[in-house]
Amino acid sequence: MLAYALKRLGVALLVALTVSIIAFSMVYLPGDPAMALAPESATEADIEHIRKVYGFDRSMVVQYLDWLFHAVQGDFGQSHYLNEPVANVIFDRLPTTMLLGACAITFALLLSIPLGVIAAIRPNSLIDRIALTIAVVGQAMPSFWFALTMMLWFGITWRLLPITGTDSWKHFVMPAIALGYYVTPGVMRLTRAGMLEVLASDYIRTARAKGLRPVRVLFKHALRNAILPVVSLAAVQFGFMLGGSVVIETIFAINGLGFLAWESITRADLPMMQAIVLVLSVFYIVLTLLADLLNAFLDPRIRVT
Amino acid sequence: MASISTARAGIPTAEQILEPSPGALLRKRIFGNTGLIIGAAVLLAIVFVAVFADVISPGDPYDQVLSRKLIPPIWHESAKATWEHPLGTDALGRDYLTRLFHGARISLFIGFAAMFISGIIGTALGVLSGYFGGRVDMVVNFILTTRLSLPVVLVALAVVSLVGSSLTVIIWVLGLLIWDRFAVVMRSATQQIRNLEYVAAAQALGCSTPRIVLTEIMPNILNHLIVVATLEMAHAILLEAALSFLGLGVQPPEPSWGLMVSEAKGMMFFDSWLIGIPGAAIFALVLAINLLGDGIRDVTAPENRN
């Protein structure tokens, strides 16, 4: 187990390092970042000054190492637009996005796991068909359109929910649904497939033959084994979702990391962009690492390969 | 053979004894799959609209006439609704149906081109890692993990805003970002095939590796490739719509469906059809492509349906 964990950790670190190179060099794609920062009326001398102040005149490698050295200590530099340390702003906004993500994944799991289980117990039944329809429709719905449509119906037509802001739990209902529904098809399909496989296995037949109550067989014997891949998928999807929150937060005016990302992109706040991409990527890497380790701990077969 | 079976009455003909041909079975599966038929029909209709947008559109997609702005669609109970503009007009007085038709072009073109680029990258990586295994597999896996840990929407938004938005930029950014599913599926499909006898036979005959990959492996993983291609095209269309909605994708005055929703956002509480129509169009197109992909998967590999 320890050997597997160390190997997996090493790969994760290497991936994080590669991601940091991508996140850093991304902002150099258009060429000279000093030109991008300078106002339109800037002279050549002004641009040269900006280059000096921000350190763009050094070589790329030196700039990267300098940035990385500070980044691992939690210092992502100064925001060009807000004139505040990037790290402070990010950790200010991060809890809101985490809360939104937690609500969204809870909604997704509460909807998809029961539907997946029922669909597996009665394959090709009416409920199975409904679950499949939800999955197919969910995958095709553009999230921003879904969010706006919900806003229109629940917020304006029926006046059930507030449409923007983060003041109460009610404000999180629509954003969480809009963010979470995209995860449901995958989780539901995986739950259904896992349950179908487990329910056809010998030990379930044994459990039934022993005369255990069907509910007990279903939850204690079947679901516990089928849920394992679902847990790792949920972890991975949670990471994806934080990246996708940029659309939802912009629509519902939620002052989280996604909204910050969109703001910094439109304001060409380069250090902020680099930091957000790196933070979200590292978060995803940590989540998948934990999911892998959990799986290896619970299923010894994984450790060997 | 046939002359023997027709020689005496009362004895079943060869056709009745023989099982239906593979072709007949395939046709039966295709036409028995409702999702596949509906998906293909809707997609064909949208492709038709996109190809002939110039001919069938009632107006010009860029033609602004402020005196006829915000005409509601014909099902609306308003005196202003007119058959001249069946889906109404937008805030700048442009005919909505015309813009919708021309928007189909943008969605289909970006979706297809981005899928094509990502398909080449993902298939190359996946087949290489599945065929060679070992070190190659490790390297590809590493690239794949790195790609998966990057937040797609965010990186796409950032790069498009830094480089400047154009059709080419959007296509390349999406194409370079969404190849992951191609690589995953092609890798496992190749792994399943590479140890089969006919691959070993080709190796024993001394065929070169490129030849084995192209003539022995590729034809047998083609159905998986087509299925992933449809899913990724749908994915690319959704991403383009999201980028355009956030103002960093297709730029005005082009009639992208995502951009149309974005432009109508401010008026959605008064004229909700302005976001309803283009949104429904994206939904219909993506749904059709997904149904087609699921259908192809069910028809070509019915054993993996669950």
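This is a predicted model: local features need pLDDT of at least 70, side-chain atom pairs count only at pLDDT 80 or more; totals for chains, interfaces and linings use all residues.
Q: What percentage of the residues in chain A is buried?
A: The C-alpha trace of chain A spans about 85 × 60 × 30 Å along its principal axes, and among contacts in chain A with a separation of 6 or more, 72% join residues 24 or more positions apart. Taking buried to mean under 20% relative accessible area, the buried share of the 305 residues in chain A comes to 49%.

Q: Which helix gives the most to the lining of the largest cavity?
A: The largest cavity has a volume of about 50 Å³, and its lining consists of A:Arg8, A:Val11, A:Ala12, A:Val15, A:Tyr284, A:Ile285, A:Thr288, B:Thr145 and B:Ser149. At least two lining residues come from each of helix H1 (2-26) and helix H13 (270-298) of chain A and helix H7 (134-149) of chain B. With four residues, the helix that gives the most to this lining is H1(A).

Q: How many charged residues does the lining of the largest cavity have?
A: The lining includes A:Arg8, and Arg counts as charged alongside Asp, Glu and Lys. By class, the lining of the largest cavity has five nonpolar and three polar residues, and the number of charged residues is one.

Q: Which helix of chain B supplies at least two residues of the lining of the second largest cavity?
A: The second largest cavity holds about 30 Å³ of space and is lined by A:Ala261, A:Ser264, A:Ile265, A:Met273, A:Ile276, A:Val277, B:Leu154 and B:Ala158. By class these residues divide into seven nonpolar, one polar and no charged. On the chain A side, helix H12 (257-266) and H13 each supply at least two of the lining residues, and on the chain B side the helix that does so is H8 (152-163).

Q: Are H11(B) and H12(B) roughly parallel or roughly antiparallel to each other?
A: Helix H11 (residues 197-204) and helix H12 (residues 209-245) of chain B pack with their axes 10 Å apart, at an angle of about 170°. The contact is made by B:Tyr198, B:Val199, B:Ala202 and B:Gln203 of H11(B) and by B:Ile212, B:Glu216, B:Ile217 and B:Asn220 of H12(B), and these residues divide into five nonpolar, two polar and one charged. Because angles over 145 degrees count as roughly antiparallel, the two helices are roughly antiparallel.

Terms used
Residues are numbered from 1 along each chain as its sequence is written. Chains are lettered from A and ligands numbered from 1 in the order in which they are written. Side-chain values use heavy atoms; hydrogens and water are left out. On a 1 Å grid over the protein atoms alone, a cavity is a set of points where a 1.4 Å probe fits but cannot get out, and a pocket is an open set with protein on both sides within 12 Å along at least five of seven lines; lining residues have an atom within 4 Å of a point. Grid points are joined across faces, edges and corners, and a volume is the space filled by probe spheres set on the points. Axes are lines fitted to C-alpha atoms, for helices over the stretch in contact, and angles run from 0 to 180 degrees between N-to-C directions. Angles under 35 degrees count as roughly parallel, over 145 as roughly antiparallel, 65 to 115 as roughly perpendicular and the rest as oblique. Contact means heavy atoms within 4.5 Å. Buried means under 20% relative accessible area, exposed over 50%, partly exposed in between (1.4 Å probe, protein chains only).
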